[in-house]
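Please look over the strand pairings, the helix packing and the charged side-chain pairs in the model shown here. The report below takes these topics in turn.

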Amino acid sequence: MTVRPIKRSAHSEKRNSVARMVLSTITYGCSRKSPNIIATPTGEMANPTQIDGYPLTIYRIVTCLLCVALWAPQARCLEEHSQPAARTQNTSSKQMTDRKVQDQVTFEWRRSLPIDQRDTAIGIIGGTEARALAGMDGRLYAGIGYWSDSQEANPELPGGQVLALDSPTSKWRVDLNLDERIKTGPAAGKRRYFAIAVLRSGTFTTDGNGHHLAHPVHALLAGTWDRLGQLEVFSKVEGSGSWSMCNLSPEDQSRHAEIRSFYVYRDKVTNTDHVFAGTRVNGASLPTRIYSGEFDPSDRTIHWNKTAEGWGDQSLAPNRTTHSSGRIMGFAECNGKLYTSIYNMIFERQDGAKPSWKLVYTYKPMRPFGERSSGLRGLHTVPDPEGKGQALLVTTETRPCLLLRINTLTFGAVEELNISAFLRKEWSTPVRYAIAGYNDMLSYSPNGESHSQTLIGLHASTPELPGTFKTFNPTGAILVRNDDASFRLGEIEDRSLNYKPILQAVRTVVNSPFQSDPPGTIYAGGFDAGGVPVHNTAWIYRGAPH
């Protein structure tokens, strides 16, 4: 057998020379001999000026670097044991940064609803706020409000409307127009229904007796702001071209009333699908009410129960104590049970033939909610990051605005994010007040297949920022939450426009109902008049991922 010598390149020789230098340095650094004697692999050299062709100064520098390298892990270990909380926070920050890069999904935004804020004219379609979006039957619907319209006394101004979009390239059209006017009293001449307060779609698979339907039935439900104090539900069943109306509370309250939330849920005891409506009459002594209804296939309509569902403990019934308390801001199903948020409380439905609502969580803010605060907003279900099924997300309409995660097994709450502090850092300006998740949040996946993110619409006061609207940040901002509880901030802007409209509040975000849209396309809408006279400020944008 012939043994061939290994051919070494000049680079290899240089590398070996460096290795000998490092070994010599370590030996020198560890030697107990006279400082004037350097121990080398080839023997001892007294008072050298060079070793292996390298100046002695280089050896000394390398010695220092090696000492630092050897000591750093030990110091890091000591730091981990002496400052565990700070270390955990730093690690979490790094993970957030890494995830932020991985999940950086951007959208190409285009205005979908062609309303120009600079136009003072009254058109067939207008509005001060786009309050809700919902998809059904392959179409997109929008609930429009005219609250605080500067031309509300003009008889040509429409009332609350539901608009429909048949395809991404179609034009918005009026599907439901509530144009009734009040004939007498202080509000005479004004539209009775001045806003669509909520718009939501739901699916029924059983009738009121729990019998399975031949096919699932999809329905669209709209609740209003009614100046006459009636609690009227407007509904439309898939495939029907007309809307039906049901008055849940026929007594005349002669004051503003609203239905703020809807949800379709199956009772786990009776196996019956119910739709729920969260109602409130402003200024009335009546407690907040939750009505339920079921689908009747014989006439293809929803039959509502005349009696509201009861509270488990009547002494805990959520009565109105401030201007905006008592509003049922939303429903969410979590770990097989239905929950609702009302001011600073969360109730759990007790299923069965005689259902009731049980108080399971009370939030105690550091400072009291403001007079016009609705309390807990955006009730939503997400996978529990701790791997224990699902958890509830909710935000606080207070200072600071917080995002809380609630475990429905223990009803312990974790503060996931101080939204006010987060926005202050992102915008480099103080944030005084904020709303996050007006009525709900959106489960979103960039590829349109699996849930990985939650999109939360924002509205924040930044009084020191130029160009604000009533101190509020003029941009349309969305908080993006990943399932590992890391966050980033997105902005809605149509750069093809020749001016930048004031968006200022993202009230609603939904996934596109159109198959012709790219996967992951979303629609967003909003504006918050806040009692300031405005006109044609409602907006709806389409965001396609790229």
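Within strand S31, Glu-491 is the bridge partner of Ala-477. The structure is a predicted model, in which local features need pLDDT of at least 70 and side-chain atom pairs count only at pLDDT 80 or more, while totals for chains, interfaces and linings use all residues. Residues are numbered from 1 along each chain as its sequence is written, and side-chain values use heavy atoms, with hydrogens and water left out.

**Strand S30 and its partners**

Helices (H or I, at least four residues) and strands (E, at least two) are DSSP runs numbered from the N terminus, and two strands are said to pair if DSSP finds at least two bridges between them. By that criterion S30 and strand S31 (residues 487-492) pair in the antiparallel sense over 6 bridges. The two strands form a hairpin with 4 residues between them, and Ala-485 in the turn has a positive phi of about 65 degrees. Strand S29 (residues 453-461) also runs antiparallel to S30 and is joined to it by 5 bridges, with Thr-454 standing opposite Arg-481 in S30.

Buried is used here for under 20% relative accessible area, exposed for over 50%, and partly exposed for values in between, with a 1.4 Å probe and protein chains only. For strand S30 (residues 476-482), 7 of the 7 residues are buried, so the strand is largely enclosed by the rest of the structure. Gly-476, Ile-478, Val-480 and Asn-482 point one way from S30, whereas Ala-477, Leu-479 and Arg-481 point the other way, and all are buried.

Strand S25 (residues 402-406) pairs with S26 in the antiparallel sense over 5 bridges, and the bridge partner of Arg-405 in S26 is Val-414.

The buried residues of H4 (residues 419-427) are Ile-419, Ser-420, Phe-422, Leu-423 and Trp-427. They cover an arc of only 160 degrees around the axis, which puts them on the same side of H4; the arc is that of the directions from the helix axis to the C-beta atoms. At the start of H4, a side-chain oxygen of Asn-418 reaches to within 3.2 Å of the backbone nitrogen of Ser-420. The helix is followed by Ser-428, whose phi is positive, near 55 degrees.

A further open sheet has 5 strands in the order S18-S22-S21-S20-S19, with mixed pairing. Its edges are strand S18 (310-311) and strand S19 (328-334), each with a single partner strand, so one side of each is left without a neighbour in the sheet. Strand S20 (residues 337-342) and strand S21 (residues 345-350) pair in the antiparallel sense over 4 bridges, and Ile-346 in S21 is the bridge partner of Ser-341.

**Salt bridges**

Side chains of opposite charge can pair when their charged atoms come close. A salt bridge is counted when a side-chain nitrogen of Lys or Arg is within 4 Å of a carboxyl oxygen of Asp or Glu, and a search of the whole structure finds 36 of them.

| Glu-152 | Arg-227 | 3.5 Å |

In the pair of Glu-152 and Arg-227, Glu-152 is partly exposed at 27% relative accessible area, whereas Arg-227 counts as buried at 14%. Asp-175 is buried at 17% relative accessibility, while Arg-173 is partly exposed at 30%. Both residues belong to a network of salt bridges that links Asp-137, Arg-139, Asp-166, Arg-173, Asp-175 and Lys-236.

Key
Polar contact = N/O pair within 3.5 Å; in protein donor to acceptor, adjacent residues only side chain to side chain.
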